[in-house]
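Look at the structure first, then read on.

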Amino acid sequence: MYVQTQSQKIMRLAFHYTAMLAMAFYFIFPMLFMFISSFKTKENIGQSLTSLKGMITPTDLTADNYIYLFTHPNSHFWSYLANSIIVTVSIVFCAVIFDSLMAFALQRMRFRGQKILLSIVIALIIIPFEVIAIPLLMMVSKLPYIDIFNEGGITIQQGWINTRFVQILPFAARAFPIFLFYQFFRDIPKDFDEAAYMDGANSWQVWWRIIMPMSGPVIATVIILEFLFAWNQYLWPVLVAFTPDVAPTPVGLGTFFSSEGPELGRIMAYGSLITAPVLIVFLAFQRFFVRSVMGSGIKG
Amino acid sequence: MRFNLSSGGAMAFPATFLLFCFVVLPFLLAFMFSFTNQQFTSKNSQFLGFDNYKNILSVKTVTLRAELNENGDKVFPKMRSILRQDEEWKRAKPLYKIPFISHEGKQVYIIAKDVTFWRAIINTCLFVLFVVPLQCGTALMLALLVRKKLWGRNFFRTAFFIPVVTSMVVVSIVWKFILQSDGAINQLFNLNIDWLNNSATAMLAIVVMSAWQGAGYQMLIFLAGLQSIPEERYEAAAIDGAGPLQTFLHITVPGLRNTILFIIISTTMAAFALFVQIDVLTKGGPNDATQTLVYHAVRMGADQHKIGYASAISVIYFIIILIIAFAQKHIMDKGE
């Protein structure tokens, strides 16, 4: 039998906590540095960079960086933020509706080509977006775009480049969330559907009134995974969105970083501001996040 | 045939249409474009057969022999002047000087038509080779640290997961300041290295940063795996007198077999897509030291407008991913 004496136990516990604290410092330090620096002047940050302690010591704090971002016309912060919110919310909304509909049809309905469609969806999971980015860029640049928000009335222009629209549509349906919904629906007993059909419901009502209300956990998972993906994605926006009126925050930060290179404080404030919403959402719904990631892993 | 709005086909239509337009079609186009000289702007493109692939993949060796100059010194002819005579290879550049068979009278070089592509392949593989063990190892260690129901474990788990929800653009910019030559890392270890501007260390810095950002995600998957190991096995091991290391090797590792496989494969696939860190921090430099497959494809396609050529690189990248996927399936099937 493996037994530990009291002092061995205490030693191990102390070691355990030391290791956890060291790792916590390692993982939090860069974020803490960003947050504290966002309240410093560029000169102050420049001096603080030479030591770990200096980087996270709050001295001579000022809100100037935030005031600049919020009020200066050159920062375009609100515009980038609005674009990010519109694009992210649209992607998440479309994903929940279209992907669950698709999964419902594949799991519950019978129609021609259903089996082959299911195999295709599963096969599509393997295709990384990076493979199709360039041909897709070529494709969307040739498609006609009907601009209904134009000041001069409705106009048709060629190419979807540099719109919000082009950042949403390619991700409105994705294979992996369809698969997650499909797996979840498989475990819901068919008795519920049959009872509803007996009462005269049609398939759309069964999907929306019966299946979706029972699918809270998988809906939460899809919302969280799509939200993280959409809010933080970079490759596609950097290819198709350039100007502040359509580009999302990561592209905005990239532009800001190259144009305001020496203004460290403003860059750190920008970084803090676009990280904060995700962090707040994460801390508020932590249990769902943890469950989503844990659940999305093993079953592949 | 009557169109039925309540049919399965009607419900599957929106997602099927979207997936066809924005995944299947561009995927097929990638293959089609890769056999042409499609440009971003010009309307007409020609069928080239496998020319793009040949230009991307072609390598050969060139031997330079020393000649005596007027002073009687041995000098090597310029690579340029040798290649200029060869119509097919005149734009090729040296990739690597083979050390063992090169000596003072002879130099043997491997030259490639697209040196950047080969650098990108080598760098991407090196990145994968280093980041996968580092990230997965860190993740397993973190999972073991927060597995036990100790006081404050939620706080620590949250701390380890925070980088995962942070945008890679933000992470890259913050790390740039930590890594700069008069920065804290150098001060801490008493070094003087310009990590990101030195071709020997740039990739290493990106490896460490990427592992830092991603490890929290794999930690959660490891935690799920650890939960599925029955507690009785640990109790049995303790009764048999197994110490912590033995318990880890004989209970934890075998119990996590499938989880470890899944994590290694999925991290490998994700690592092959390395792009954001490069675009924000190094732009492929210095001296192509951080060129990667996806970065090279994007530069060729989006900046140089060579859609056909970039598509061919994308197809090669996809084939690599496919090989890994088949390897995963093979190993998983064998285990069951």
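A polar contact here is a pair of N or O atoms within 3.5 Å; within protein, one must be able to donate a hydrogen and the other to accept it. The model is predicted.

Q: How many residue pairs are in polar contact between chain B and chain A?
A: Both residues of a pair must reach pLDDT 80 or more.

Q: Which helix of chain B gives the largest share of the side that touches chain A?
A: That side of chain B has 71 nonpolar, 23 polar and six charged residues. The largest share is 20 residues, spanning part of residues 8–34. The element is helix H1 of chain B.

Q: What is the area buried between chain B and chain A?
A: The contact takes 100 residues from chain B and 89 residues from chain A. Carbon and sulfur atoms give 81% of the buried area. The total is about 8,200 Å².

Q: Where in chain A is confidence lowest?
A: The mean pLDDT of chain A is 87, and 92% of its residues reach 70 or more. Helix H5 (residues 77–108) of chain A is highest, at 94. The lowest mean, 67, belongs to strand S2 (residues 155–158) of chain A.

Q: Why does Thr88(A) count as buried?
A: Thr88(A) is found in helix H5 of chain A. Buried means under 20% relative accessible area. Thr88(A) counts as buried because its relative accessibility is 4%.

Key
Residues are numbered from 1 along each chain as its sequence is written. Chains are lettered from A and ligands numbered from 1 in the order in which they are written. This is a predicted model: local features need pLDDT of at least 70, side-chain atom pairs count only at pLDDT 80 or more; totals for chains, interfaces and linings use all residues. Side-chain values use heavy atoms; hydrogens and water are left out. Contact means heavy atoms within 4.5 Å. Buried area is the accessible area (1.4 Å probe) that two parts lose on being put together, summed over both. A polar contact is a pair of N or O atoms within 3.5 Å; within protein, one must be able to donate a hydrogen and the other to accept it, and residues adjacent in sequence count only if both atoms are side-chain atoms. Helices (H or I, at least four residues) and strands (E, at least two) are DSSP runs, numbered from the N terminus. Ala, Val, Leu, Ile, Met, Phe, Trp, Tyr, Cys and Pro count as nonpolar, Asp, Glu, Lys and Arg as charged, and the others, Gly among them, as polar. pLDDT is the predictor's confidence in each residue, from 0 to 100. Buried means under 20% relative accessible area, exposed over 50%, partly exposed in between (1.4 Å probe, protein chains only).
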